[in-house]
Each structure stands twice: as C-alpha cells, then as structure tokens.
Amino acid sequence: VNCDIIKIGGLVRNKDRFVKRRQRLIGPDGATLKALELLTNCYILVQGNTVSVMGTHKGIKQARQVVLDCMKNIHPVYNIKRMMIMKELAKDPKLANESWDRFLPTFKKKNVKRRKPHQVQVEAEKAKAATDGGDSGAAKKGKKKTYTPFPPAQQPSKVDMQLDSGEYFLNERARKAKKLAEKRETSQKKSQERREAREREFEAPPPSSKSSSASKKSK
C-alpha cells in the first residue's frame with residue numbers, strides 16, 4: 001500500500017475561492033469524494049491545506065491529477081466521468097491495443113462573459129457619446145487652434161461685474177430693490193408674450209384662395 005500527501009494550500013491565492021474548490025472536491029455529503037475513492041480504489045481524506053491518499057500507485061496518480069485539476073477550476077465530475085468510461089473500456093480485450101480517444105469526452109473551457117452592471121454601462125455610454133461629440137465638433141470646425149504659451153484670459157468675477165455696473169457701491173436695500181425691479185420687468189415681458197400667444201389662438205384664419213374663387217363663380 002502506497003500513500004501520498006497532496007499540498008493544495010498554495011495553489012489558490014484567494015481564500016474564499018480555495019474553500020469553494022475544496023468543497024467542490026468533497027461534493028454534497030461527500031458524494032464526489034466517495035465516487036473518486038471507488039474509481040481509484042484508494043482512501044482519500046481532505047483536511048485543511050492537504051489531501052491524503054492511500055492505495056495503489058496507479059490510483060494515487062489518478063487521484064492526484066483530479067485534485068490538482070479541481071484546484072485549477074476544472075470540476076472533478078469531468079474527470080470522474082472520463083475515468084468511468086476508461087474503466088468500462090478496459091474490460092474489453094479487443095480495445096487493449098487501440099486508442100481510446102474517440103470514446104473519451106473532451107471538455108472545453110468556456111469563458112462566459114458576465115453582464116456588466118447598469119451603472120458601468122451608463123458610464124461607458126456617456127464616455128462614448130462624449131468622444132463622438134468631440135470628434136464631430138472637431139470635424140465641423142476643421143480648423144486647428146494656434147498654440148499660444150499664454151493662459152486664457154481670466155473671467156471677470158461677480159465683484160468685478162458689480163464694480164463695472166456700479167452696483168457694488170449701493171447699499172443692501174438698494175441692491176435688493178434693483179433685483180426686484182429686474183425680476184418684475186422680466187415677468188411682465190413673459191406675461192405679455194403669453195397673452196399675445198393666447199390671443200393668436202382666437203384669431204380667425206385668413207380665407208384661402210380656393211374658397212374666394214368658389215364664391216366668385218357662384219355670383
């Protein structure tokens with residue numbers, strides 16, 4: 001009887017991922033581990049960061065391969081299925097000198113693309129729209145800006161604007177009165193525009209040329 005201790009602690013960096021893959025090797029209620037023991041004719045114990053195997057040399061070799069593949073994110077069920085087929089093929093003496101590749105299943109690793117979160121999609125669309133808008137704007141302009149080493153002129157601040165208009169030297173009450181007067185003026189303009197728009201709705205449409213010609217013929 002041979003024995004082997006397989007160290008699996010350093011094969012996966014993430015602790016949560018390591019625990020999940022180790023549990024995958026054991027299976028629900030130890031079903032996967034029991035199936036592996038029956039196929040390899042070995043006693044297997046999973047404990048902590050190691051997997052202990054006792055049995056024949058061939059069985060230990062098979063068990064080690066399954067354990068290492070499981071830590072590399074290959075489900076042990078695939079290897080168990082492959083070993084079951086090989087066990088059945090070994091019973092047939094006609095296939096002793098033939099290749100078993102045509103009978104064995106080939107499992108391809110598929111990387112399924114995960115769906116991006118909604119927020120990430122929105123941000124990507126905004127960035128794309130911004131780049132497209134910038135490209136179209138540049139194409140429309142078609143003129144390259146001349147390079148100047150001087151920075152752009154500074155925009156006037158609120159205090160500068162008040163100084164220019166003379167509002168800075170007014171007291172607080174006068175400033176408020178001026179703002180109220182401006183608001184009233186703008187509101188009066190808007191109300192006048194609304195009134196004119198309402199009056200336009202009640203105006204009669206101009207008589208069409210067809211109706212005027214028809215009235216002349218009737219006369």
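Strands (E, at least two residues) and helices (H or I, at least four) are DSSP runs, numbered from the N terminus.

E2 pairs with strand E3 (residues 50-55) in the antiparallel sense over 5 bridges; two strands pair if DSSP finds at least two bridges between them. Gln47 has Thr50 in E3 as its bridge partner. The hairpin of E2 and E3 has 2 residues between the strands, and Gly48 takes a positive phi near 65° there.

## Basis of the model

This is a predicted model, in which local features need pLDDT of at least 70 and side-chain atom pairs count only at pLDDT 80 or more, while totals for chains, interfaces and linings use all residues. Residues are numbered from 1 along each chain as its sequence is written, and side-chain values use heavy atoms, with hydrogens and water left out.

## Salt bridges

A salt bridge is a side-chain nitrogen of Lys or Arg within 4 Å of a carboxyl oxygen of Asp or Glu. By this rule the count is 2 salt bridges. One of them joins the side chains of Arg64 and Asp4 (3.0 Å, N to O). Because Arg64 lies in helix H3 (residues 57-71) and Asp4 in strand E1 (residues 2-7), the pair ties together parts that are 60 residues apart in sequence. Arg64 is partly exposed, at 31% relative accessible area, whereas Asp4 is buried, at 19%.

The side chains of Glu88 and Lys91 also meet in a salt bridge (3.4 Å, N to O). Lys91 counts as exposed, with 58% relative accessibility.

## Charged surface patches

Patches of charge join residues of like charge within 9 Å that have over 30% relative accessible area and no salt bridge. Lys158, Lys176, Lys179 and Lys183 form a patch of positive charge on the surface. Helix H7 (residues 172-201) supplies the largest share of this positive patch, 3 residues. Lys179 is placed in helix H7 and is partly exposed, with a relative accessible area of 48%.

A patch of negative charge on the surface gathers Glu193, Glu196, Glu199 and Glu203. Glu199 lies in helix H7, and its relative accessible area of 48% makes Glu199 partly exposed.

Notes. Patches are made of residues with over 30% relative accessible area and no salt bridge: like charges are joined within 9 Å, nonpolar side chains (Val, Leu, Ile, Met, Phe, Trp, Tyr) within 5 Å. Accessible areas come from the Shrake-Rupley method with a 1.4 Å probe; for residues, only the protein chains shown count as cover. Lys and Arg count as positive and Asp and Glu as negative; His and the chain ends are not counted. The place of a charge is taken as NZ of Lys, CZ of Arg, CG of Asp or CD of Glu. Buried means under 20% relative accessible area, exposed over 50%, partly exposed in between (1.4 Å probe, protein chains only).
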